[in-house]
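Have the viewer open as you read.

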Amino acid sequence: MSLLALGMTLVFVFITMLISMWQKLGLEKEVFIGTIRSAVQLLLVGYVLQFVFQADHPLLLLVIVAIMIVVATWNAAKRGRGVRGVMVRVGAAIACTETVVMSLLLGLGIIEAAPQYMIPLSGMVIGSAMVVSGLFLNQMKREMDSARGEIEALLALGATPRQAIQDALKRSVKASMIPTIDGMKTIGLVQLPGMMTGMIVAGADPVEAVRYQILIVFSLSASAALSSILLGMLCYRLWFTPQQHLHSFK
């Protein structure tokens, strides 16, 4: 893509800002800031990845993946604001998900142990785990409000915290995975995913692009399940006091 063609894509930003002004949404400033930030961030990432790919050093790869995990953890943990200790659990769940998925991809020989494969796939896996973790925490906070009476009754009858909160955990895990599952059902029919589209636009064979996209879809489904279940196992006790009473988070 030429620089002129890239510059012409700003027309979409102008359309968004004009619609915001027309409907008096007041989003012009946010759209402008988002446009600048996304462009700068992506350009910086492009140059960083170019350097990392050329250096081909394991330490640089680990640093990039670690930064991804830290940023994803910070962003997802905001959904559990007020729940003490949730950030550590979110970080552990995302890190474990990344480790398991990448270990399988490399161990089974599905991808090569090269930065140009590992970094993009790690970004997708970590990003999926981040979104799922945020959805899980959102749903858990709603469950703690709506099912408080039910949980307290079970505790009063002698149930352990895990037994009392089990149904709320299941509902939260299911709710956090719905977008991923719905995406799997409609992929190729409603939308052509970004990676597949990018490969086709770049001139790759469509069938080869589809094979890589299938790899991504299946990997993301596993990362969604792993991250939500792990986070549920790690954080359910955070909703209880040492005396096994429910916390009152606001």
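Which residues in H6 meet which residues in H10?

## The H6–H10 pair

From H6 come Tyr 117, Leu 121, Met 124, Val 125, Ser 128, Ala 129, Val 132, Ser 133, Phe 136 and Leu 137, and they meet Tyr 212, Ile 216, Leu 220, Ser 223, Ala 224, Ser 227, Ser 228, Leu 231, Gly 232 and Cys 235 in H10. "Meet" here is a contact call, with heavy atoms within 4.5 Å. By class, that contact has 14 nonpolar, six polar and no charged residues. For the bookkeeping, Ala, Val, Leu, Ile, Met, Phe, Trp, Tyr, Cys and Pro count as nonpolar, Asp, Glu, Lys and Arg as charged, and the others, Gly among them, as polar.

A quick word on what you're looking at: this is a predicted model, where local features need pLDDT of at least 70 and side-chain atom pairs count only at pLDDT 80 or more, while totals for chains, interfaces and linings use all residues. Residues are numbered from 1 along each chain as its sequence is written, and side-chain values use heavy atoms, with hydrogens and water left out.

On to the geometry. The H6 and H10 axes come within 8 Å and cross at roughly 40 degrees; axes are lines fitted to C-alpha atoms, for helices over the stretch in contact, with angles from 0 to 180 degrees between N-to-C directions. The two helices are therefore oblique to each other (under 35 degrees is roughly parallel, over 145 roughly antiparallel, 65 to 115 roughly perpendicular, and the rest oblique). H6 passes H10 in a right-handed crossing, handedness being left if the near helix is turned anticlockwise from the far one by less than a right angle, and right if clockwise.

## The whole chain

Zooming out, the protein chain has ten helices and zero strands. The C-alpha trace spans about 70 × 55 × 35 Å along its principal axes.

Of the 250 residues, 33% count as buried, taking buried as under 20% relative accessible area, exposed as over 50% and partly exposed as in between (1.4 Å probe, protein chains only). If you look at contacts between residues at least 6 apart in sequence, 69% of them join residues at least 24 apart.

## H4 against H5

Another pair worth a look is H4 (residues 58–77) with H5 (residues 86–107), which pack at about 135 degrees with their axes 9 Å apart. That makes H4 oblique to H5, and the crossing is right-handed. On the H4 side the contact uses Val 65, Ile 69, Ala 72, Thr 73, Trp 74, Ala 76 and Ala 77; on the H5 side, Val 86, Met 87, Val 90, Gly 91, Ile 94, Ala 95 and Glu 98. The class tally is eleven nonpolar, two polar and one charged.

Gly 91, in H5, counts as buried at 15% relative accessibility. Beyond its neighbours within four places in sequence, Gly 91 is in contact with Ile 69 and Thr 73. Its C-alpha is 9.3 Å from that of Met 130, 39 residues apart along the chain.

## The nonpolar core

The largest nonpolar core has 46 residues, and Val 90, Phe 136, Met 144, Ile 151, Ile 165, Trp 239 and Phe 240 touch the most other members. A core here is a set of buried Ala, Val, Leu, Ile, Met, Phe, Trp, Tyr and Cys residues joined through side-chain atoms within 4.5 Å. H4, H5, H6, H7, H8 and H10 each supply at least two residues, and H6 gives the most, with ten.

Val 90 is in contact with Thr 73, Ala 76, Ala 77, Ser 133, Leu 137 and Leu 231, leaving aside neighbours within four places in sequence.

Ile 126 sits in H6 and is buried, at 3% relative accessible area. Not counting residues up to four places away, Ile 126 touches Val 65, Met 68, Ile 69, Ala 72, Ile 94 and Glu 98. Ser 219, in H10, counts as buried at 10% and is in contact with Val 101 and Leu 105, again leaving aside neighbours within four places in sequence.

Is Lys 24 buried or exposed? Lys 24 is exposed, with a relative accessible area of 74%. It lies in the loop between H2 (10–22) and H3 (28–55), and its phi is near 55 degrees, a positive value in a residue other than glycine.

Technical notes:
Helices (H or I, at least four residues) and strands (E, at least two) are DSSP runs, numbered from the N terminus.
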